[in-house]
Amino acid sequence: MSIAISEIFGPTIQGEGRLIGMPTVFVRTGGCDFRCSWCDTLYAVEPRFKADWRPMDAGGVLAEVNRLSGGEPILVTLSGGNPALQPLTELLRLGHGQGHAFAMETQGSKAQAWFGMLDHLTLSPKPPSSGMAFNRERFEACLAAAGADTQVSLKLVIADEADYRWARALAADYPQLPLVLQPCNPTPATPEQPELTTDPERLNARLRWLVEKVTADRWYRARVLPQLHVLIWNNERGV
Ligand SMILES: C[S@@+](CC[C@H](N)C(=O)[O-])C[C@H]1O[C@@H](n2cnc3c(N)ncnc32)[C@H](O)[C@@H]1O
Ligand SMILES: Nc1nc2[nH]cc(C(=O)O)c2c(=O)[nH]1
Ligand code: SF4
Ligand SMILES: [Mg+2]
């Protein structure tokens with residue numbers, strides 16, 4: 001069973017969410033069941049880039065992870081596209097055998113039995129500004145598939161007031177999940193304009209706005225975090 005791979009890169013740091021700052025190698029799969037309006041990785045989403053995605057088996061992916069990590073065990077972060085669309089059981093089994101840990105980023109639209117083999121699962125359901133709909137049944141199937149042995153966290157991207165209200169309501173339904181709020185990058189690079197950068201002042205203003213909302217509302221459970229890799233490298237790819 002082959003895995004559609006868009007890119008494998010690192011080591012870098014996890015720039016987002018509960019594991020922010022952790023050294024990691026990224027394995028980015030190709031193909032997604034969503035098409036978010038502000039997606040920062042459309043080259044791993046849109047079917048027109050299919051020819052750029054390589055079919056690899058688990059052994060081939062791990063050979064590249066090990067080359068990049070210098071042969072040391074490392075945190076491997078699976079992202080995409082939607083990595084939940086891929087057959088990853090063998091990668092997780094073999095990789096764990098080699099001492100690696102595995103985290104995954106997914107929007108919560110498709111559950112797989114192998115979620116229970118992950119060390120960490122970041123669920124990032126999409127707010128109204130994305131143009132995508134939230135499906136509660138599918139999201140809860142992902143939680144159930146992760147089970148008790150996988151650490152699950154919630155990472156919600158916030159672009160505007162409507163997203164913020166949506167996030168408050170959604171998070172209240174899942175009080176057990178660690179919660180990260182991430183401001184939306186309003187001008188991510190696109191396949192047409194890969195060199196597009198975001199004004200750091202603008203990113204900072206979005207972050208400040210979100211911090212002020214959370215503190216004004218005494219929403220003390222929420223952790224507000226920037227995309228650290230965007231602060232460091234702006235919209236560069238492969239970092
Ligand atoms: C590119 S997605 C890939 C994994 C999966 N499809 C998902 O959405 O969780 C990884 C993370 O980047 C976030 N993201 C994508 N575009 C963004 C943007 N313009 N600003 C902030 N976060 C963004 C997504 O919400 C998700 O949490
Ligand atoms: N450094 C870094 N951290 C990230 N966290 C989530 C990413 C993603 O694109 O899924 C990402 C990424 O592309 N780079
Ligand atoms: S679900 Fe993730 S990868 Fe897919 S379009 Fe949305 S942000 Fe991009
Ligand atoms: Mg990214």
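This is a predicted model: local features need pLDDT of at least 70, side-chain atom pairs count only at pLDDT 80 or more; totals for chains, interfaces and linings use all residues.
Visitor: What makes the protein chain count as a compact globule?

Guide: For 239 residues, a compact globule would have a radius of gyration near 18 Å, and the protein chain comes in at 17 Å, so the two agree. Along the principal axes, its C-alpha atoms fill a box of roughly 50 × 40 × 30 Å. Buried residues account for 39% of the 239. Take the contacts between residues at least 6 apart in sequence: 73% of them join residues at least 24 apart.

Visitor: What is the chain built from, in helices and strands?

Guide: You'll find 6 helices and 9 strands. An open sheet of 9 strands runs in the order S3-S1-S2-S4-S5-S6-S7-S8-S9, with mixed pairing.

Visitor: Why are S3 and S9 called edge strands?

Guide: Two strands pair if there are at least two bridges between them. Strand S3 (54–56) and strand S9 (223–224) each pair on one side only, and that makes them the edges.

Visitor: What makes S8 a largely enclosed strand?

Guide: A residue is buried if 20 or more other C-beta atoms lie within 10 Å of its own. In strand S8 (residues 179–183), 4 of the 5 residues are buried, so the rest of the structure largely encloses it.

Visitor: Which residues of H2 are buried, and how do you know that they sit on the same side?

Guide: In helix H2 (residues 89–97) the buried ones are Leu91, Leu92 and Gly95. They cover an arc of only 95° around the axis, which puts them on the same side of H2. On the other side, Arg93 and Gly97 are exposed. The cover over the buried residues includes strand S1 (3–13), helix H1 (58–69), strand S4 (75–79) and strand S5 (101–106). After H2 comes Gly99, with a positive phi near 95°.

Visitor: Why is Arg218 called exposed, while Asn234 is called partly exposed?

Guide: Arg218 has 7, so Arg218 is exposed. Asn234 has 16, so Asn234 is partly exposed. Arg218 is in the loop between helix H5 (200–216) and S9, whereas Asn234 is in the segment after helix H6 (228–233).

Visitor: What makes the phi values of these two residues worth a look?

Guide: Most residues other than glycine have a negative phi. Arg218 has a positive one, near 50°, and so does Asn234, at about 50°.

Visitor: Where are there cis peptide bonds, and what is omega at each?

Guide: One joins Gly10 and Pro11, with omega about -10°; Pro11 is in strand S1. Another joins Gly80 and Gly81, where omega is about 15°. Gly81 is in the loop between S4 and H2. Most peptide bonds are trans.

Visitor: Which residues surround ligand 3?

Guide: Among them are Gly80 and Gly81, the cis pair, along with Cys32, Cys36, Cys39 and Arg35. By class, the shell has 5 nonpolar, 5 polar and 1 charged residues.

Visitor: And Arg35: why is it called partly exposed?

Guide: Arg35 has 13 other C-beta atoms within 10 Å. The cut-off for exposed is 12 or fewer, and buried needs 20 or more, so Arg35 is partly exposed. Arg35 is in the loop between S2 and S3.

Terms used: Residues are numbered from 1 along each chain as its sequence is written. Chains are lettered from A and ligands numbered from 1 in the order in which they are written. Helices (H or I, at least four residues) and strands (E, at least two) are DSSP runs, numbered from the N terminus. The arc is that of the directions from the helix axis to the C-beta atoms. Two residues are in contact if their C-beta atoms, placed from the backbone, lie within 7 Å. A residue is near a molecule or strand if its C-beta atom, placed from the backbone, lies within 6 Å of it. Ala, Val, Leu, Ile, Met, Phe, Trp, Tyr, Cys and Pro count as nonpolar, Asp, Glu, Lys and Arg as charged, and the others, Gly among them, as polar. The radius of gyration is taken over C-alpha atoms; the globule rule is 2.2 Å times the number of residues to the power 0.38.
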